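Take a moment to look it over before reading on.

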Amino acid sequence: MSAGCPETVLAQNLITFADLPGPPSLPLVGNKLALARAGGPNHAFQQWCDRYGPTYRLRLPAPTVVTADPLLVDQVLKQRPETFRRSPRVTSTLQGLGIHGVFTAEASEWHRLRRVATRSLNAAHLNTYFDTMTRTAERVRRRWHDAAATGERIDVLDEMMRYTLDVTVGLAVGHDLNAVENRDGGLPARLPELFPEIGRRLYAPLPYWKFLNGARRRRLAETMSELDALVAEQFQVAKARVAGGASPANFLEALAAPVDGEPELSHAELVGNVLTMLLAGEDTTSATAAWTLHYLANDPQMLRRVRAEAQTVLGDRPFAGDPGTLRKLELAGAAVREAVRMRPVAPYLAMQALHDVVLTGQDGPLRIDSGTIVFVLLSRGARHDTDRFGEPDEFRPQRWLGADPEATGGTAPFLPFGGGPRFCPGRNLAIVETTLVTSMLCREFDLEPDTTTGSVGERTAFSVFPTNLFVRARLPQPANPE
Ligand code: HEM
C-alpha cells in the first residue's frame with residue numbers, strides 16, 4: 001500500500017474521520033468550550049487520550065484529528081511541507097503580529113528561509129554565540145548575587161526570559177539589549193509583552209484585538225516600531241560586514257549574505273524573520289530554563305551534585321567558557337534534558353492536510369481529508385512510555401547520563417523538538433544556553449522554593465510556561481559530608 005494514495009487502499013479497511021472515537025460535541029462550537037474548560041489545550045488533549053486512545057476526533061469546530069500514535073506522528077511530521085502545513089490559525093495569529101518567518105513559511109519560501117536558519121544555527125555559529133551567552137550569564141550571576149544579598153524573592157521565569165532574550169537578540173541581530181540589567185522600560189521591557197499576546201489571540205473565542213484600540217494595542221505598536229528601527233539599523237551594519245568579507249556571525253548577517261539568483265528580503269520580511277527567531281528561541285528556552293530551576297530547587301541534593309560537578313570541571317570559574325568545557329557538565333545537561341521531558345514546553349503541534357492522504361497508523365490505514373486539522377502530541381511518551389522512562393513522574397536526571405537523547409521508537413512519541421524536515425534548528429543552542437545558566441546558578445546558590453503566593457502552575461501561550469514560580473537564592477553553606 002502506498003501512503004498518500006487513497007485509491008490503493010481497500011475501502012473496508014480504511015478508518016475515516018467518522019469512525020474515530022471522540023468526546024461529544026455541541027452544535028456550532030463543537031468541542032471548543034470543553035477545550036477551554038479543561039485547564040488548557042495540553043491537559044484536554046492528554047485527558048482525551050486517556051479516555052479515547054491515541055487517535056481521536058474533535059470539532060473545533062472544523063474537523064480535527066488528534067494523535068499520539070507514534071506511526072502517525074512520524075508520517076505527519078515527515079510529510080511536510082508537501083502534504084501538511086502549519087495550521088492556518090497559528091500562522092495567521094503570528095502574521096497578524098508581524099511575525100512571519102521560517103516557522104510560518106510554507107513551500108518554496110520555507111525551503112529558502114530554512115536554509116538560512118539552519119546555516120545561522122549550526123555548530124560553527126554556536127561557538128560565535130558563546131561569547132554572548134557568557135557575557136549574559138555573568139550579568140545574571142551578578143543580579144542573583146544582589147538578590148541573594150537582600151533576600152529578594154526571585155521571579156524565575158522573568159529572570160530567565162531576560163537571559164534568553166539577550167542571548168537571542170544577540171544572535172538574531174547582533175545587538176546587546178541587556179534586558180538582564182536594564183529594568184527601566186524601552187524594548188527590553190516591551191518585547192516580552194509581545195509573546196503572551198500570541199497565546200491570548202490563539203485561544204480567544206473572538207478576534208477581540210480587531211475591535212479594541214486600548215493601551216495594550218498602542219504599546220504593541222510602539223514595540224513594533226522600535227523593533228523596526230533596530231532591525232533597519234542592524235541590517236545596515238550586517239550588510240557592511242558581509243560586504244567586507246566577514247562570514248555571517250548572526251541571523252541578520254546570514255540573511256544579508258547574497259544567495260545566487262534570490263532576491264533580497266524586504267524590510268517587512270527581515271523584521272518578520274527576526275521576530276520569528278526571537279519567538280522560537282526566547283519563549284521556549286526561558287520556559288525550559290525556568291522549569292529546570294524549579295525541579296532543582298525542589299531537589300536540593302541533586303542541586304548540590306550539579307554544583308559539585310561544576311566545581312570539579314570549572315575550578316574557580318563560574319561557568320564554562322567554551323562549548324567543549326560545557327559538554328563536560330554532563331549532570332547539568334542531564335538535568336536540562338530531564339526538565340524537557342517532565343515539562344515539554346511545546347507538547348503538541350497543529351497542522352493542516354493540504355490534500356487527501358492515507359496514513360498508516362497502529363490500528364491500520366487512516367484517511368485524512370484535505371483541510372483537516374491534525375494535532376500531533378509530540379511528548380505523550382514522556383510520561384506514558386514506561387519502558388523508556390521508568391518512574392516517569394520522578395525528576396531523575398541520571399536517566400540521561402550516557403543515554404542517547406535522540407533515541408527514537410517506543411510506544412508513544414517523545415519528540416520535544418519536533419521531527420522531520422521542520423525539526424527545531426535551535427535545539428543545540430537551547431540545550432547549551434540552558435545548561436550554561438543552570439550549572440552557574442547551582443554552583444553559586446542554594447535555591448529555596450518560595451510559595452508564599454501559591455504553588456507553581458502552568459499556562460499555555462506559544463509555549464507551556466510556569467506560573468507563580470519564585471525562589472530565594474542563598475549563598476551555599478559549607479557542604480555537609482554526604
Ligand atoms: C527548549 C527550547 C526549544 C524547544 C522545546 C523548541 C521546540 C520546537 C518545536 C517543537 C518546533 C516545531 C518543530 C516541527 O515543526 O517539527 C520548533 C521549531 C523551530 N524552532 Fe525551536 N525550540 C526550542 C528552542 C529554539 C531556539 C533556541 C531557536 C533559535 C534561536 C529555535 C528556533 C526554531 C525555529 C526557527 C523553528 C521553525 C522551524 C521550521 O519551521 O522549519 N528553537 N522548535
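Predicted model: local features only at pLDDT ≥ 70, side-chain atom pairs only at ≥ 80, totals over all residues.

Residues are numbered from 1 along each chain as its sequence is written, and side-chain values use heavy atoms, with hydrogens and water left out.

The ligand's iron atom has Cys424 as its only protein donor, through SG at 2.3 Å. Donors here are N, O and S atoms within 2.8 Å of the metal (3.2 Å for Na, K and Ca), and since water is not among the atoms, sites may look incomplete. Cys424 sits in the loop between α15 (381-384) and α16 (427-444); helices (H or I, at least four residues) and strands (E, at least two) are DSSP runs, numbered from the N terminus. With a relative accessible area of 26%, Cys424 is partly exposed: buried means under 20%, exposed over 50%, and partly exposed in between (1.4 Å probe, protein chains only). An unreviewed UniProt entry also lists a "binding site" at Cys424, though UniProt annotations may be inferred rather than shown by experiment.

Now for the inside. A nonpolar core is a set of buried Ala, Val, Leu, Ile, Met, Phe, Trp, Tyr and Cys residues joined through side-chain atoms within 4.5 Å. The largest one has 117 residues, and Phe45 and Trp144 touch the most other members. Helix α11 (residues 267-297) is its top contributor, giving 15 residues. There's also a second, separate core of 19 residues, including Ile15 and Met351.

Two buried residues are worth a look. Ser286, in helix α11, is buried at 1% relative accessibility. Neighbours within four places in sequence aside, Ser286 is in contact (heavy atoms within 4.5 Å) with Leu157, Met160, Met161 and Thr164. Phe130 belongs to helix α6 (residues 123-150) and is buried too, at 2%. The C-alpha atoms of Phe130 and Leu429 are separated by 9.5 Å, with the two residues 299 apart along the chain.

On to the strands. Which strand order does the open three-strand sheet have? It is β4-β12-β9, with antiparallel pairing. β4 (153-155) and β9 (446-449) each have a single partner strand, so one side of each is left without a neighbour in the sheet. Helix α7 (residues 156-173) packs on this sheet, touching β4 and β12.

Elsewhere, strand β5 (residues 348-353) has six of its six residues buried, so it is largely enclosed by the rest of the structure. On one side lie Tyr348, Ala350 and Gln352, and on the other Leu349, Met351 and Ala353.

| Strand pair | Bridges |
|---|---|
| β9 and β12 (residues 470-474) | four bridges |
| β3 (residues 84-86) and β5 | three bridges |
| β5 and β8 (residues 373-377) | five bridges |

Some partners can be picked out by name: Glu448 bridges to Arg472 in β12, Phe84 to Ala353 in β5, and Ala350 to Phe375 in β8.

Technical notes
Pairing = 2+ DSSP bridges. Axes fitted to C-alpha atoms, helices over the stretch in contact; angles between N-to-C directions.
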